[in-house]
Amino acid sequence: HEPTIVWEGESPLVQLASNRQSTAQFVIKRAVDIVGASVGLVLTAPLMALVALGIKLESRGPVLFRHWRVGKNGRGFDCLKFRTMREDAEQVLAGDPELRRLYRENHYKLPDDIDPRVTPFGRLLRRTSLDELPQLWNVLIGEMSLVGPRPVVEEELEHYRGSERLLLSVRPGMTGAW
């Protein structure tokens, strides 16, 4: 089966290939996810406690940010991350049409250096990808995989132009060829 390439203007956005796993491959991948996430949570627990403390010391609000994403078979889930933005980040984005336009044009992400919502400690967490560590919980409970396509927000699906079903045929991953 030929892979599907989704284009954004003149540039390829993503390449999707059919997921044809045998039952054994599926079981092995899920077992690796469970063991890997469990070990990862145990080994990174002290680091995650320090990150949580740093977030609490820097700004008000919750330590974790829950962002609604679309997962396998179109099921939505709260993708967990350490909070790297101001507590009112969603309101800032919604209230600034220019910022919202840049956000959409940049594939639903703003560069940290121009994003007024990101805190200084949050910039460090993003640069080191430490903000992604809570997703180990998403992997453990089966919403995500250690390796897979990037978890997308619902409005991003329009960019996949008919290939949404293929993208949503697997669990999104913490890591992958993004």
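**Close-up views of a predicted model**

View 1. Gly76 counts as partly exposed because its relative accessibility is 34% (buried is under 20% relative accessible area, exposed over 50%, partly exposed in between, with a 1.4 Å probe and protein chains only). This is a predicted model, in which local features need pLDDT of at least 70 and side-chain atom pairs count only at pLDDT 80 or more, while totals for chains, interfaces and linings use all residues. Residues are numbered from 1 along each chain as its sequence is written, and side-chain values use heavy atoms, with hydrogens and water left out. Gly76 lies in strand β4 (helices, H or I, of at least four residues and strands, E, of at least two are DSSP runs numbered from the N terminus). Leaving aside neighbours within four places in sequence, Gly76 is in contact (heavy atoms within 4.5 Å) with Trp68, Arg69 and Val70. Its C-alpha atom is separated by 9.1 Å from that of Val153, 77 residues apart along the chain.

**View 2. The largest nonpolar core.** This core has 15 residues, of which Ile55, Phe82 and Met144 touch the most other members (a nonpolar core is a set of buried Ala, Val, Leu, Ile, Met, Phe, Trp, Tyr and Cys residues joined through side-chain atoms within 4.5 Å). Two or more residues come from each of α1 (23-58), β4 (76-82) and α5 (135-140). The most, five residues, come from α1.

**View 3. Surroundings of Phe82.** Beyond its neighbours within four places in sequence, Phe82 has contacts that include Met48, Ile55, Leu125 and Pro134.
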